[in-house]
Amino acid sequence: MDKRIIPESFDLGVDPVEIIGASRATGMDKTAMLKRGSAFADVLDGIRPERGRTLLHVITTGAMERYGANRNGDAFNEDAMDYTAPEPERGMPATIRLDGGLRKYHDSSYMSKSAAVYQEHHSEEEPSGRIVAARYNGDMHRGELIISVDDEKWGPRLHKKASGQDIYLSMGCRVSHDTCSRCLRQAKVASEHCDHFKRHRGELGDDGVRNFVINDAPHFYDISGVDVPADRIAYVLRKVASEEGAAPTLGEARGMLGFRRGMSTYPAARLLAKLAAMEKRVEGAMAELGCDLGEDHDEEAADLLVRRVGHYPADEVIDCCSRHGVLLTPGMLFRVMANDLEDGAGLEDCDDGCCGDCSGLMRELERSEDVDDCLRDGSFDGRFLPDAMLESIVRDAIPELGMRPADVGRRVVTVTIVAAPRRMRKRAAAMPAPVEEALRRTYARYLVSFAAQNDDATCMQALRKLASMGRR
Ligand SMILES: [Zn+2]
């Protein structure tokens, strides 16, 4: 089983990534490393800064004994140990012997020849960095790395980091199996996980034991820089544009999407189930009435909003809109995301039809094989302190675009009789399938995060609007 582990998903109490300062005169800057409690203070003297490369100190994983499991329910034990489970599967012993854990596998797997530094886990491409040192830090109960990255390939990330913004890393990790903390079920593939993990991950039992899985023999094989959603879709778009005739398959497009921040899938899965049920009710109501209770989408108000927020980072805009019950339709969302990119990568031309008919999107996501990966992507879940100017721009759009019942009630609801069976909206130029798939995935994940900030009536109205847009 291959896993993607995000250092941020452990509550390490310290930023997992730091640039190691160096100068020709004084060599490596040890002070910052000491402050971080790094295990590498003694090896820094032996590391030479190289032209065109930057060194990063990365805290990779927190040990189960100290930090518990990460937000996604993956735990890494520190040492070989006996582990006793509260509810062993029938006929199975309650205590098992765990393999050597991080102390045995962290350094050895990271220092193996095959482990390298990539972008977005694209191990088919040339590595964009190498692992200089790996060390399990027993005092701090965590794994650490020093990696050396190519200044050119990591330019945008290093620039972000140097200017005080967060950058994200993700580790590729292979395990032959993982073990449920509650019943000791061993799963070789995700589908073999018990319900403790599938449905009740992260929950705390009366016995004080949380539900997670233990990875006692992890093999770490890469550490990658990962990006914001706009960067990822841009990657798919550029790939499609550059390789005419050799467009990536749907599966590849999904793989390229990756994810930024490891989140617990559990609350997101609950929201998805709720939205999927609502979507069905919306469809039923529309079929029964033979008419469309959605309202006309106010394109003018939408365009104005997208233009006015152009200077703000996409994730702040998305958070602010969700907070005020303003739904971004697909065209709006992708144009807002394009603001994060220097060249827009084609996203700036997106319209509301660019990811097809969205009226069944939640059920489609619920049924898909990689639903867990998609829900684990917390990239639309960022919360930001309100910015006065941005707040006022978004508030101005509420009368036309707000989805809260009070806001909708103020508008005249138009009733459209649907004459013909559902037709897909005809577009001038259809998106290539992998791009449309990438956009659909992204939009579906956005809806789940919208639901996290809004009540049921508002979500219902949002789904109604999307369903009626699909019919036109
Ligand atoms: Zn279990």
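Student: To begin with α11, is this helix mostly covered or mostly exposed, and how many of its residues are buried?

Tutor: Please bear in mind that this is a predicted model. Helix α11 is mostly covered, with nine of its nine residues buried. Among them are Gly 331, Met 332, Arg 335 and Ala 338.

Student: At what angle does α11 pack with α16?

Tutor: Helix α11, residues 330–338, and helix α16, residues 433–452, pack at about 100°. Their axes are 11 Å apart. Angles of 65 to 115 degrees count as roughly perpendicular, and α11 and α16 are therefore roughly perpendicular to each other.

Student: Which residues meet there?

Tutor: From α11 come Pro 330, Leu 333 and Phe 334, and these meet Leu 439, Tyr 443 and Tyr 446 of α16. By class, this contact has six nonpolar residues, with no polar and no charged ones.

Student: Which residues have the most contacts inside the largest nonpolar core?

Tutor: They are Val 317, Val 336, Tyr 443 and Leu 447, in a core of 59 residues. Helix α16 gives the most to this core, with 10 residues. Another core, of 33 residues, lies apart from it and includes Ala 134, Val 175, Ile 223 and Val 226. In soluble globular proteins, nonpolar side chains tend to be buried together.

Student: What does Leu 447 contact, beyond its neighbours within four places in sequence?

Tutor: With those neighbours left aside, Leu 447 is in contact with Leu 275, Leu 361 and Met 362.

Student: Let us turn to the strands. Which strands pair with β11, and over how many bridges?

Tutor: Strand β5 pairs with β11 in the antiparallel sense over nine bridges. Strand β10, residues 129–137, also runs antiparallel to β11 and is joined to it by eight bridges. In β11, Arg 142 is the bridge partner of Gly 62, and Ser 148 is the bridge partner of Arg 130.

Student: How many residues of β11 are buried?

Tutor: Seven of the nine residues in β11, which spans 142–150, are buried, so this strand is mostly covered.

Student: Where is Arg 51, and is it buried or exposed?

Tutor: Arg 51 is found in the loop between α1 (30–35) and β5 (53–62). A residue counts as exposed if 12 or fewer other C-beta atoms lie within 10 Å of its own; Arg 51 has 5, so it is exposed.

Student: What is the strand order in the open sheet of four strands?

Tutor: The order is β6-β15-β13-β14, with mixed pairing. Strands β6 (74–75) and β14 (186–187) stand at the edges; each has a single partner strand, so one side of each is left without a neighbour in the sheet. Two bridges join β13, residues 178–180, to β14 in an antiparallel run, and Thr 179 stands opposite Gln 186 in β14.

Student: Finally, how many helices and strands are in the chain, and what share of its residues is buried?

Tutor: The chain has 17 helices and 18 strands, and 45% of its 472 residues count as buried. Among contacts between residues at least 6 apart in sequence, 76% join residues at least 24 apart.

Definitions and conventions:
Residues are numbered from 1 along each chain as its sequence is written. This is a predicted model: local features need pLDDT of at least 70, side-chain atom pairs count only at pLDDT 80 or more; totals for chains, interfaces and linings use all residues. Axes are lines fitted to C-alpha atoms, for helices over the stretch in contact, and angles run from 0 to 180 degrees between N-to-C directions. Angles under 35 degrees count as roughly parallel, over 145 as roughly antiparallel, 65 to 115 as roughly perpendicular and the rest as oblique. Two residues are in contact if their C-beta atoms, placed from the backbone, lie within 7 Å. Ala, Val, Leu, Ile, Met, Phe, Trp, Tyr, Cys and Pro count as nonpolar, Asp, Glu, Lys and Arg as charged, and the others, Gly among them, as polar. Two strands pair if DSSP finds at least two bridges between them. A residue is buried if 20 or more other C-beta atoms lie within 10 Å of its own, exposed if 12 or fewer, and partly exposed in between; C-beta atoms are placed from the backbone. A nonpolar core is a set of buried Ala, Val, Leu, Ile, Met, Phe, Trp, Tyr and Cys residues joined through C-beta atoms within 7 Å.
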